[in-house]
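I opened the model to look up a few things and wrote them down as I went. The entries follow the order in which I looked.

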Amino acid sequence: MLVLYETAMGYCLFKLTDAAKLDSADLYKEFETPERANKLLKLKALHRFTSTAAAVEDLTAVQASKLGKGLKKFLTEEVVEKGKGKESLVVLDPHLARSISKKLSIKVSAPSHGDDHSDLWRGIRSQVAALLDGLDPKDLATMSLGLSHSLSRFKLKFSPNKVDTMIVQAIALLDDLDKEINIYAMRVKEWYGWHFPELAKIINDNVAYAKVVSAMGFRTNAATTSFEKILPEDLEAVVKAAAEISMGTEISESDIQHIHALCDQIIAITAYRAQLAEYLRNRMNAIAPNLTALVGDLVGARLIAHAGSLLNLAKFPASTVQILGAEKALFRALKTKHDTPKYGIIYHASLVGQAPPKLKGKMARMVATKTALSIRVDALTNADGKSEEQAPSVGLENRSKLESRLRALEYQLDGSSVRRFADGNNKSQRRFSMKGDTQTYNTATDAVDLVPSQREPLETAMKAVLDVKEEKRKAKEEKKAKRKAEKEEPLAEMVASADGMSVDEQPKESKKDKKRKRRESEVNGQADADQPNGEAAETEEERKARKKARKAEKKAAEAAATAVSAAADDDVPKKKKKKSET
């Protein structure tokens, strides 16, 4: 029985003297000393690697369970040509054993699940210096270290996931640039707004705002500055008109220099962002053409970045692709026993975005299904297949199917059936017949009031100025109201505590008095109707007396209230004086 063992120096072929010991439980005892190991195993042949490149190539093939060129030549010369093909060959990797048996027709004994010959390989590894005569263990350790470094460097250099890493880093940098641009633009608007506050209401685009500020500088230079390369003519006229009537403050030369530096950074970052977006688009078309054709380059790149690589994303089922990016919402829904989310990153795909709200969940499920198929096609296609013109055919075909399906669902949502939409209208067309009725041209419809296509620049600028003034006025009023409320709160609390329950009881008494007086007036009115004029005059005098009494009561109540408030006002400064004295 022959044993194949690979080292950093080359391939070793040993002769096992006693094959029965291979299955014994005490096999490890045979490798306790070098003498016993040499009795069990005899070196028959040794294939040395000619160079580090050859060693890396052969061992990379062995790690992939493939028969390399060097190993194939070695086994052919030492086993097949010397007539040792009938002997059994023991190999560590079962997949490599099948490959050797298939290509060289050698009887190979591969390790099974029950017996993997681990004691044999462990013993050879421990006594390899003794089994190979004339080999220094230090030299073998140096060769192993150098070969391991070379193998690691080769794997990193030719890693298939390296291109996916470029996409992951590019989409992450793109998101960071968007955040930075928004932060810088907000800071420029707030900073330059002290000098020209109306400009932020006229120009909404961040890059255009930065370019205008960089070209204009002080607002007094607006009349002599040309913005034809930045803004349209009507907007340029509005900016110049607003600069003449602006109510901003004056700033110094050093202030405008720092504002210009920040504007230049915004313009530079925006330009680099456009280059990065083009780079990402080209990478996605080269690596995942079908995924890009179906959901777009940005959504596809975010899916790859979230999964880690294109191969990892291809392993996910369609249900996982659908909610990828909404993991927090999913686990929160499972914990609280609520409805799970219907979509994650895939929500930003154009096919899902253009669907009506009632169909977004169904459309996200269909898009995720087709996306999973497109990802697997891209992940398992080689580089030559992706470079062909027909590479994105699967993605384009799936996109057309989804668009037609979306139209059918929208038609069905409007009240018609899908079958009617697919088969066409089955109603018979009416037969054409000539009629004597003639229609004349209605000239009254030509009288249309002409509306100007754009507002006057001065009116727009005045509106911007008035908006700024109105915002400032509202802010001042809110501050005054807050201050007034803060001052009145402690005074109201002191008045309420001084009045106590008497204030609450007054309205109830007044209501009772009103009812009583109303009854008396009704009784007096009936009595006036029955009695003579003299008695009626007496009742009128009584009413006047009652009115005077009421007025006197009201005046007394008002005087009491003013006295209480005055006492409260006197108490407040006393407290302040006490605090100041302390």
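**Entry 1: the sheet**

I started at leucine 13, whose bridge partner in E3 is alanine 45. Strands here are DSSP runs of E with at least two residues, helices are runs of H or I with at least four residues, and both are numbered from the N terminus. The model is predicted, so I noted that local features need pLDDT of at least 70, that side-chain atom pairs count only at pLDDT 80 or more, and that totals for chains, interfaces and linings use all residues. Residues are numbered from 1 along each chain as its sequence is written, and side-chain values use heavy atoms, with hydrogens and water left out.

Lysine 15 stands opposite lysine 42 in E3. E2 and strand E3 (residues 41–48) run antiparallel and are joined by seven bridges. I took two strands as paired if DSSP finds at least two bridges between them.

Strand E1 (residues 2–6) pairs with E2 in the antiparallel sense over five bridges, and a hairpin of three residues links E1 to E2.

In what order do the five strands lie in the open sheet? I read the order as E3-E2-E1-E4-E5, with mixed pairing. E3 and strand E5 (108–109) are the edge strands, each pairing on one side only.

Strand E2 (residues 10–16) is mostly covered, with six of its seven residues buried. Buried means under 20% relative accessible area, exposed over 50%, and partly exposed in between, with a 1.4 Å probe and protein chains only. Helix H3 (residues 69–80) lies across E1, E2, E3 and strand E4 (89–90) and runs at about 35° to E2.

**Entry 2: aspartate 297**

Is aspartate 297 buried or exposed? Aspartate 297 counts as buried because its relative accessibility is 16%. Aspartate 297 belongs to helix H14 (residues 297–307).

The side chains of aspartate 297 and arginine 281 are joined by a polar contact of 3.5 Å. A polar contact is a pair of N or O atoms within 3.5 Å; within protein, one must be able to donate a hydrogen and the other to accept it, and residues adjacent in sequence count only if both atoms are side-chain atoms. Leaving aside neighbours within four places in sequence, I found aspartate 297 in contact (heavy atoms within 4.5 Å) with Arg281, Met284 and Thr292.

**Entry 3: helix pairs**

I then looked at H12 and H14, which pack at an angle of about 75° with their axes 10 Å apart. Axes are lines fitted to C-alpha atoms, for helices over the stretch in contact, and angles run from 0 to 180 degrees between N-to-C directions. H12 and H14 are therefore roughly perpendicular to each other. For these words, angles under 35 degrees count as roughly parallel, over 145 as roughly antiparallel, 65 to 115 as roughly perpendicular and the rest as oblique. Leu280, Arg281 and Met284 of H12 meet Asp297, Leu298, Gly300, Ala301 and Ile304 of H14.

H19 and H21 have axes that come within 10 Å and cross at roughly 170°, and H19 and H21 are therefore roughly antiparallel to each other. Residues in this contact include Met363, Met366 and Val367 of H19 and Asn398, Leu402 and Leu406 of H21.

**Entry 4: the cores**

Which residues touch the most other members of the largest nonpolar core? Of its 41 residues, I noted Leu280, Met284, Met363 and Val367. Such a core is a set of buried Ala, Val, Leu, Ile, Met, Phe, Trp, Tyr and Cys residues joined through side-chain atoms within 4.5 Å. Among the elements giving two or more residues to this core are helix H12 (253–287), H14, helix H19 (360–380) and helix H21 (393–413). A second, separate core has 30 residues, including Val212, Val239, Ala241 and Cys263.

**Entry 5: two loop residues**

Glutamine 127 sits in the loop between helix H5 (118–126) and helix H6 (128–131). Glutamine 127 counts as buried because its relative accessibility is 12%.

Lysine 337 lies in the loop between helix H17 (327–336) and helix H18 (350–353). Lysine 337 is exposed, with a relative accessible area of 77%. Lysine 337 has a positive phi of about 60° although it is not a glycine.
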